[in-house]
Amino acid sequence: MDESTESAVRQVFGEVLERFAFMFVEPPDEAVAAPAEPMLAARMGFDGPLRGTVALAVPAPLARELAANVLGVEPDDGEAMPGDALKELLNVVVGNLLTALAGEAPVFDLTIPELVRFDASHWDALAGKQGSLVLLVDEQPVLLSVAMQPA
Amino acid sequence: MGYNVLIVDDSETVRGIIAKTLGLSGVDLGAVRQAGNGEEALALLKSEPADLVFTDINMPIMTGIEMVERMRADPTLAAVPVVVVSTEGSRTRIEDLLAKGVQAYVRKPFTPELLREVVEKLLGGPHG
């Protein structure tokens, strides 16, 4: 991921999370280890002038907070569905990211977001890789991984 | 009597988000019903008419576009305005949706103010 793409990813993720869930994104001051808590992760693909996948992994407590925020309920409320909320967050991030990177003219086909198994070993494998960003959301680490290439 | 609204999306969370945001928008709402796909929505619309429909595009069983096409072909539903709510940012796709009989398009993430603006534009301001 080149510098301008990384900057677009950071900006879109921050703006979407703030408007979608009233949560705030910060860059970490130092390297962040994989969260000790279980994680939830979602992934989706896109195809058009650019082709690739985006994955988003978050600690389970943050996913509960996200689900509660988007629905305006308490985190332990049975109505809040963390996996569903995470998939929707990813969907909105990818839609807005593609417009930020390619403009409003091109047409992209998006796959339906899906939940994927994700643990500390997946985090460690992805965190240092090209295209991955580790950020803090409400002081909890999240991993956003973008793999893309021109079609 | 407020506006009766139908929200169509295969994600219960997304339906909840739209319902919550509409609730915060200050729009005078009557019944807010929900359906998980276009087929369910058409069945609901037949039994309980709505003033406005918010819908997703990609859904299992029946997509939002097929639902709109069927509504436009049905004299009892042809005049009900439909708003697509999606992450789609392509101008070409949005123009295609409008050509197929969709009245408005709302891009995610959206605000209560934006939903209010769309409802008032389509239904003509505060409900009498």
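## The largest cavity

In this predicted model, the largest share of the lining of the largest cavity comes from α3(A), which gives three residues. The space inside the largest cavity is about 90 Å³.

To find it in your viewer, look for Phe13(A), Leu17(A), Met23(A), Val58(A), Leu62(A), Leu66(A), Leu89(A), Val137(A) and Val142(A), which form its lining. Both α1 and α2 of chain A supply at least two residues each.

Which classes of residue make up this lining? The count is nine nonpolar, no polar and no charged residues.

## The largest pocket

The largest pocket contains about 620 Å³ of space. Its lining has 26 residues, and those nearest its centre are Asn91(A), Ile112(A), Pro113(A), Asp56(B) and Asn58(B). Residues of chain A and of chain B are both in that central group.

Several elements take part in the lining of the largest pocket: α3 and β4 of chain A, along with α4 (91-99) of chain B, each give at least two residues. The biggest contribution is that of α3(A), with four residues. By class, the lining of the largest pocket has twelve charged, eight nonpolar and six polar residues.

## Where the two chains meet

How many residues are in contact between chain A and chain B? On the chain A side there are 24, and on the chain B side there are 19. Together the two chains bury an area of about 1,800 Å², with carbon and sulfur atoms giving 50% of it. Three residues, Arg19(A), Leu71(A) and Glu104(A), supply 26% of the area that chain A buries against chain B, more than any other three residues.

Polar contacts also cross this interface, with 14 residue pairs found at pLDDT 80 or more for both partners. On the side of chain A that touches chain B, the elements giving two or more residues are α1 (3-21), α2 (60-71), α3 (82-102) and β4 (109-110). Of these, α3(A) gives the most, with eight residues. The classes on this side of chain A are 13 nonpolar, six polar and five charged residues.

## Salt bridges

Side chains of opposite charge can pair when their charged atoms come close. The structure holds twelve salt bridges over all chains, and three are counted between chain A and chain B. Glu104(A) and Arg91(B) meet in a salt bridge, with 3.6 Å from N to O. Glu104(A) is also one of the three residues named above for the area chain A buries against chain B.

Another salt bridge joins the side chains of Glu6(A) and Arg10(A), at 3.0 Å from N to O. How far apart along the helix are these two? Glu6(A) and Arg10(A) are four residues apart in helix α1 of chain A, so about one helical turn separates them.

## Details of the backbone

Two spots in the backbone are worth a visit. In chain B, the peptide bond between Lys108(B) and Pro109(B) is cis, with omega at about -5 degrees. Pro109(B) sits in the loop between β5 (104-107) and α5 (112-123) of chain B. In chain A, Asp138(A) is not a glycine, yet it has a positive phi of about 50 degrees. The loop that holds Asp138(A) runs between β6 (132-137) and β7 (140-150) of chain A.

Met1(A) belongs to the segment before α1 of chain A. Although Met1(A) and Ser132(A) are 131 residues apart in sequence, their C-alpha atoms are 8.3 Å apart in space. Leaving aside neighbours within four places in sequence, Met1(A) is in contact with Glu6(A), Val9(A), Gln130(A), Gly131(A), Ser132(A), Leu133(A) and Val146(A).

Methods: Residues numbered from 1 in each chain as written. Chains lettered and ligands numbered in written order. Predicted model: local features only at pLDDT ≥ 70, side-chain atom pairs only at ≥ 80, totals over all residues. Heavy atoms only, no water. Contact = heavy atoms within 4.5 Å. Buried area = accessible area lost by both parts, 1.4 Å probe. Salt bridge = Lys/Arg side-chain N within 4 Å of Asp/Glu carboxyl O. Polar contact = N/O pair within 3.5 Å; in protein donor to acceptor, adjacent residues only side chain to side chain. Nonpolar A, V, L, I, M, F, W, Y, C, P; charged D, E, K, R; others polar. 1 Å grid on protein atoms, 1.4 Å probe; cavity = no way out; pocket = protein on both sides within 12 Å on 5 of 7 lines; lining within 4 Å. Points joined across faces, edges and corners; volume = space filled by probe spheres on them.
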